[in-house]
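Please consider the model shown below. The paragraphs that follow treat its aromatic residues and then its strands.

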Amino acid sequence: MHPTFVLLSLLGPSIASSYVDLSHLSKTLSSGCSTSGPASCYDTSVVNTCCTEYPGGLLLQTQFWNTDVAGSPADSWTIHGLWPDNCDGTYNEDCDPSRDYSNITEVLTSQGATSTLDYMRQYWLSDDGTDEELWKHEWATHGTCYSTLETSCLPAGSPEGFEAVAFFEAVVNLFQTLPTYTWLADAGITPSTTQAHTLSSLLSALEAGSGGYTPALGCSSHTLSTISWYFNLKGSVIDGEFVPITSPESSTCPSSGIRYPPKIV
C-alpha cells in the first residue's frame, strides 16, 4: 500500500511520501476511478479520460508572494491556482464557456463547502480586482480544462457545479501540503528588507522541505513573486492521488541578488 500524504497538520510538512491523497475530501459522491494505474503523462494509451487526466496531465500548483494585498497573511504564500498543462510544453485554456460559473461563492456555499470558502478568503487572494473575480477566472480559464471534471465524467446525481466544488477543494487541500513559507523559514530564509539570496539557496531550502522535489521560482526583476510545484495525477481530480515531481521548467529568477521582502500588512 502506498504511503499517503493528507493534511499538513496531521502528517507534517513533507511530500517525500510521494503521494498526495485527496480521497479524504468531504465528498458524498465518488469518481469511481482507480488510482492503481500509471499517473497522467505516463499512461501512453489513454482510453478513459474520465479517470486519466488528458491531455492536461502535468499539473502546476502555483502560489503568490504578494506584499501589498490587504489581509494577506504575513507568514504564508497565497494560492494562485492549479493549472493543467499538457505533457508536451503546451496547454489549453477556457475550455468550456458554458460552465463559466458567475458566482463561485454561491456554488461553494450551496454544496456545503463553507470551510473551503473560508480558507479561500484567507489564502486565495487577488492582487488585481476582487477575490471572487480571481476565483472565477481560475475556474473558467483552467478548471474547465480538466478532462476528469467534464460533466459527462461526474458521478450520477452530481448537482450543478459539483465539478467546480471538486476543483476548489482539491486546490485548497493541495496548497495545505505545500507550506512554502515554512520550508524557507526552516532554512533561515525569512522576509527581509535588506537580505538577498541566491537561487540555489532558495531551491535547496525548498528541496529539503519537500523531500527532494524542485519547484520553479519566478521573480519580478530581482524580487521573489511566484512559485510552481508540479504534479502528475492518478485517477480523478475529485478523489485522486497527486504525485509530486521535480519541475520540468527552470526558474526565471536571477542566480543571485534575489529579494524576499516582508508583506505590508
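Tyr 101, Trp 124, Trp 139, Tyr 146, Phe 167 and Phe 168 form one aromatic cluster. The model is predicted, so local features need pLDDT of at least 70 and side-chain atom pairs count only at pLDDT 80 or more, whereas totals for chains, interfaces and linings use all residues. Residues are numbered from 1 along each chain as its sequence is written, and side-chain values use heavy atoms, leaving out hydrogens and water.

Rings of Phe, Tyr and Trp (its six-membered ring) pair if their centres lie within 6.5 Å; planes under 30 degrees apart count as stacked, over 60 as edge-to-face and the rest as tilted. The count by this rule is 14 aromatic pairs. Tyr 101 and Trp 139 are stacked, because their ring centres are 6.1 Å apart and their planes at 15 degrees. This pair links distant parts of the chain, 38 residues apart: Tyr 101 lies in the loop between S3 and helix H2 (104–110), and Trp 139 in helix H4 (residues 131–141). Helices (H or I, at least four residues) and strands (E, at least two) are DSSP runs, numbered from the N terminus. Tyr 101 and Trp 139 are both buried, where buried means under 20% relative accessible area, exposed over 50% and partly exposed in between (1.4 Å probe, protein chains only).

Phe 167 and Phe 168 have ring centres 5.1 Å apart and planes at 75 degrees, so this pair is edge-to-face. Phe 167 counts as buried at 0% relative accessibility, as does Phe 168 at 1%.

Turning to the strands, seven of the eight residues of S3 (residues 78–85) are buried.
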